[in-house]
Amino acid sequence: MEEDEVDRSGKDREIMDIDKILESIRDPFCIIDRNYIIVKTNDAYLEAKGRAGKDLLGKKCYEVLYGMKGVCEGCVVEKAFISGDPCAKEKHVLLPDGSEQWQEIYTYPIISEEGTVSHVIEYVRDITDRKKTEKRLEQLVKEVESINQELRDFAYIVSHDLKAPLRAISSLATWLATDYGDKLDEEGKEHLNLLLNRVRRMNSLIDGILQYSRAGHSREEKVEVDLNELVAEVIDTLSPPENIEIRVENKLPLMYAEQTRIRQVFQNLLSNAIKYMDKPKGLIRIGCVREGDYWRFSVSDNGPGIEEKYFNKIFQLFQTLESRDQTEATGIGLALVKRIIDIYGGSIWVESKVGKGSTFFFTLPVSTTEDKSNR
Amino acid sequence: MRHNKPIMLVEDDEVDVMTIQRALKEIKVTNPLYVAGNGEEALEMLRNGDHKLPGLILLDIEMPRMNGIEFLRVIRHDNELRKIPVVILTSSKEEEHKMESFDLGISGYMIKPVDYIKFVEVVKTIDLYWTLSELPDVDE
């Protein structure tokens with residue numbers, strides 16, 4: 001360094017040799033001139049190119065590195081020379097030690113004082129780990145898709161292949177009862193009756209499994225649903241007995257959702273409340289309040305109530321609180337409701353006092369009630 | 001059923017065949033019934049000239065060799081057979097099956113009930129509809 005330079009800066013520091021700076025960079029890089037001649041490299045670059053210990057300086061990159069007679073196809077150095085912009089590409093490389101590497105190659109143009117690209121810096125990054133992760137992810141997504149497809153197929157097989165024999169059993173049992181009824185004693189008739197009864201139960205179990213599995217992959221379009229109308233329709237379809245009053249206590253929001261799914265939620269909760277009502281004057285109340293980013297809905301009844309120890313169990317598939325012989329319940333209704341609420345990103349829980357009644361709460365994100373751009 | 005024209009049943013399940021035969025008898029439908037075990041057999045029967053063309057085809061979807069949808073595709077391209085009304089009688093509630101069959105010009109899509117009594121109701125409904133509905137004359 002010349003003395004006067006130090007003096008002129010007025011500071012006590014050295015201006016470092018540019019070569020020194022470049023040598024300190026540990027990531028692989030090289031500098032290539034307009035004639036594709038390598039004018040600068042570091043050890044890391046030689047290693048990344050599988051040329052450790054070799055001298056590449058003063059040689060054309062495409063000749064010495066790739067044994068080509070001209071610029072390689074898709075060369076990002078060429079691209080940077082032409083465009084004057086930084087470029088990048090990914091490359092799969094086989095190193096001399098036999099190992100494979102995925103590299104990301106960045107090229108940065110050096111603009112001369114005349115405004116032309118005089119050199120290009122090539123910078124190499126080892127992205128093998130990232131690539132491996134990407135591949136793994138891709139594979140996992142494929143696996144998940146195929147499992148999903150299998151599930152769909154399974155649901156279909158269940159619906160057709162299990163139902164056909166069931167139908168046969170049902171028909172044959174009915175004919176036995178009709179054609180040979182007079183030859184059977186009371187016990188025999190009762191057995192046939194039980195047999196038919198179990199057939200019906202199995203039929204509703206199969207329907208329930210199908211509904212449950214279909215809830216996950218609906219092909220239905222999301223539409224704007226006015227919950228006030230939807231709930232009124234559900235109540236109408238359920239046609240509750242005269243001693244049960246169903247009251248909607250607030251105005252309900254509009255939703256943007258699959259109509260069948262959301263209908264199922266209200267239908268199952270309300271039909272449970274009606275089905276298990278044990279009071280001479282039944283009252284079922286539907287309410288909705290906004291809580292931050294969620295709507296919190298509630299369906300309360302003054303029915304028999306549920307013991308606290310069953311609060312979680314009732315939402316599990318095939319769980320019923322009474323023997324199936326007392327109520328023909330399949331244990332699918334609430335599990336299905338929970339699944340649908342889960343899909344919309346809400347949650348569901350119950351509060352209840354035995355003898356007094358139960359309240360089922362569920363939340364739905366306000367976004368499901370507003371977002372129209374989604375899908 | 002009207003005109004006493006034959007009814008063709010394309011169905012591979014033996015008990016389902018018995019169920020329909022019994023249901024027809026129960027509601028006093030005396031039209032002759034042709035039974036084919038799959039689409040190929042049905043085509044063979046319709047085309048070999050031994051049988052009078054049926055006035056109605058009751059068609060299952062899931063069958064071996066040639067299923068109901070494939071059978072529909074064939075007869076919709078057959079100038080003679082395309083005029084015969086077809087009612088699907090299946091256990092498949094698949095939306096895709098319904099859409100595809102209606103695209104292929106079926107006249108009805110019925111789900112086979114598990115309960116025999118309800119099955120009879122379904123057959124009764126088909127009979128009633130076919131007695132009242134105007135049909136093209138397939139023999140012309």
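This is a predicted model: local features need pLDDT of at least 70, side-chain atom pairs count only at pLDDT 80 or more; totals for chains, interfaces and linings use all residues.
**Helix packing, cores and chain contact**

Visitor: At what angle do α9 and α10 of chain A pack?

Guide: Axes are lines fitted to C-alpha atoms, for helices over the stretch in contact, and angles run from 0 to 180 degrees between N-to-C directions. For α9 (residues 259-275) and α10 (residues 333-343) of chain A, the axes lie 9 Å apart and the angle is about 145°.

Visitor: Which residues outside its sequence neighbourhood does V337(A) contact?

Guide: V337(A) is among the residues with the most contacts inside the largest nonpolar core, which has 36 residues. Such a core is a set of buried Ala, Val, Leu, Ile, Met, Phe, Trp, Tyr and Cys residues joined through C-beta atoms within 7 Å. Leaving aside neighbours within four places in sequence, the contacts of V337(A) are V265(A), N268(A), L269(A) and I348(A).

Visitor: Why does N312(A) count as exposed?

Guide: N312(A) is in the loop between β10 (294-301) and α10 of chain A. A residue is buried if 20 or more other C-beta atoms, placed from the backbone, lie within 10 Å of its own, exposed if 12 or fewer, and partly exposed in between. N312(A) counts as exposed because its C-beta neighbours inside 10 Å number 11.

Visitor: In what order do the elements of chain B run from the N terminus?

Guide: Chain B holds 5 helices and 5 strands. Of its 140 residues, 34% count as buried. From the N terminus on, the order is β-α-β-α-β-α-β-α-β-α.

Visitor: Which element gives the largest share of the side of chain A that touches chain B?

Guide: The contact takes 16 residues from chain A and 14 residues from chain B. On chain A, α6 (128-180) and α7 (186-216) each supply at least two residues of that side. The largest share, 12 residues, comes from α6(A).

Technical notes. Residues are numbered from 1 along each chain as its sequence is written. Chains are lettered from A and ligands numbered from 1 in the order in which they are written. Two residues are in contact if their C-beta atoms, placed from the backbone, lie within 7 Å. Helices (H or I, at least four residues) and strands (E, at least two) are DSSP runs, numbered from the N terminus.
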